[in-house]
Amino acid sequence: MNRMSSHPSTEPAAERIDWSAWLAEYGAQLLLYARQQCRSEADAEDVLQEALVQLVHAVEGGSFTGARDQWRSYAYTAIRHLAMDRGRREQVRRNYAAAQQEVQSEGVEETPWLSSAADDEYLRKRLESMLRKLPSEFAEVVVLHIWGEHTFQQIADMTCNKLSTITSRYRYALQALRKELEENPIES
């Protein structure tokens with residue numbers, strides 16, 4: 001069946017909506033608009049999908065009060081709003097990254113991740129530097145597992161990831177740390 005409803009058998013045949021046909025007719029136009037609104041093809045496709053999901057939920061959920069000929073306008077408006085929200089989130093990320101880069105380039109030490117009166121300052125700085133070079137998802141797993149003393153299952157639950165994803169991230173993080181130590185051993 002070419003519908004995007006989870007309850008196809010509960011509606012009379014006259015009320016069934018052929019979303020595939022509607023999308024075939026207007027999808028290219030909507031994608032073009034999404035491309036214009038977004039910075040990348042992937043973002044455009046994501047925004048279009050989110051807008052279509054909103055439209056389907058509004059129409060099939062009964063909250064859409066307009067006529068069928070207003071669906072496209074609704075979709076265009078949703079695309080615009082979703083693209084603006086995505087753009088704002090991306091700008092916040094870029095601003096944060098730029099601020100972090102500025103702090104690092106000024107030589108100002110960031111808040112230490114590891115701290116203990118017994119820590120050797122050189123070792124602490126070196127470990128922090130190595131962890132900061134890892135992708136954040138990998139560093140997160142290492143910190144939670146080693147210093148947070150969480151099991152991989154607990155980390156998977158906390159981060160809403162699969163256990164296999166967490167163990168892979170940990171394994172890749174250790175490989176990257178091992179390689180860094182082989183290339184630049186810690187001086188004693």
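This is a predicted model: local features need pLDDT of at least 70, side-chain atom pairs count only at pLDDT 80 or more; totals for chains, interfaces and linings use all residues.
# Notebook: a chain of helices

**Entry 1, H1 against H2.** I started with who touches whom: Trp 19, Trp 22, Leu 23, Gly 27, Leu 30, Leu 31, Ala 34 and Arg 35 of H1 meet Glu 41, Ala 44, Glu 45, Leu 48, Leu 52, Leu 55, Val 56, Val 59 and Glu 60 of H2. Sorted by class, the residues of this contact come out as 12 nonpolar, one polar and four charged.

Next I looked up the geometry of the pair. Helix H1 covers residues 19-37 and helix H2 residues 41-61, and their axes come within 10 Å and cross at roughly 135 degrees. I first wondered about calling them antiparallel, but that label needs an angle over 145 degrees. So H1 goes down as oblique to H2. The crossing of H1 past H2 is right-handed.

Time to step back. How many helices and strands does the chain have? I count seven helices and zero strands. Written out along the sequence, the pattern reads α-α-α-α-α-α-α.

I also noted some totals. The chain has 188 residues, and 26% of them count as buried. Its accessible surface comes to about 12700 Å², and carbon and sulfur atoms hold 52% of that. For contacts between residues at least 6 apart in sequence, I wrote down that 51% join residues at least 24 apart.

I picked Ala 83, which sits in helix H3. Is Ala 83 buried or exposed? Its relative accessible area is 7%, and the cut-off for buried is under 20%, so Ala 83 is buried. Setting aside residues within four places in sequence, I found Ala 83 in contact with Gln 37, Cys 38 and Val 47. I also checked a distance: Ala 83 and Asp 43 are 40 residues apart in sequence, yet 8.0 Å apart in space, C-alpha to C-alpha.

Helix H4 takes residues 121-133 and helix H7 takes residues 163-183. Their axes come within 10 Å and cross at roughly 130 degrees, so I put H4 and H7 down as oblique to each other. H4 passes H7 in a right-handed crossing.

Who meets whom here? From H4 I have Arg 126, Met 130 and Lys 133, and from H7 I have Leu 177, Glu 180 and Leu 181. The residues of this contact split into three nonpolar, no polar and three charged.

Helix H5, residues 136-147, packs with H6 at an angle of about 130 degrees, with the axes 10 Å apart. I filed H5 and H6 as oblique to each other, therefore. The crossing of H5 past H6 is right-handed.

On the H5 side I listed Glu 140, Val 141, Leu 144 and His 145; on the H6 side, they meet Phe 152, Ile 155, Met 158 and Thr 159. By class, that contact has five nonpolar, two polar and one charged residues.

I took a second look at Met 158, which is found in helix H6, residues 152-159. Its relative accessibility is 45%, so Met 158 counts as partly exposed. Beyond its neighbours within four places in sequence, Met 158 is in contact with Leu 144 and His 150.

Where is Cys 160? I found Cys 160 in the loop between H6 and H7. With a relative accessible area of 68%, Cys 160 is exposed. I also looked up its backbone: phi of Cys 160 is near 60 degrees, a positive value in a residue other than glycine.

Key. Residues are numbered from 1 along each chain as its sequence is written. Side-chain values use heavy atoms; hydrogens and water are left out. Axes are lines fitted to C-alpha atoms, for helices over the stretch in contact, and angles run from 0 to 180 degrees between N-to-C directions. Helices (H or I, at least four residues) and strands (E, at least two) are DSSP runs, numbered from the N terminus. Angles under 35 degrees count as roughly parallel, over 145 as roughly antiparallel, 65 to 115 as roughly perpendicular and the rest as oblique. A crossing is left-handed if the near helix is turned anticlockwise from the far one by less than a right angle, and right-handed if clockwise. Contact means heavy atoms within 4.5 Å. Ala, Val, Leu, Ile, Met, Phe, Trp, Tyr, Cys and Pro count as nonpolar, Asp, Glu, Lys and Arg as charged, and the others, Gly among them, as polar. Buried means under 20% relative accessible area, exposed over 50%, partly exposed in between (1.4 Å probe, protein chains only). Accessible areas come from the Shrake-Rupley method with a 1.4 Å probe; for residues, only the protein chains shown count as cover.
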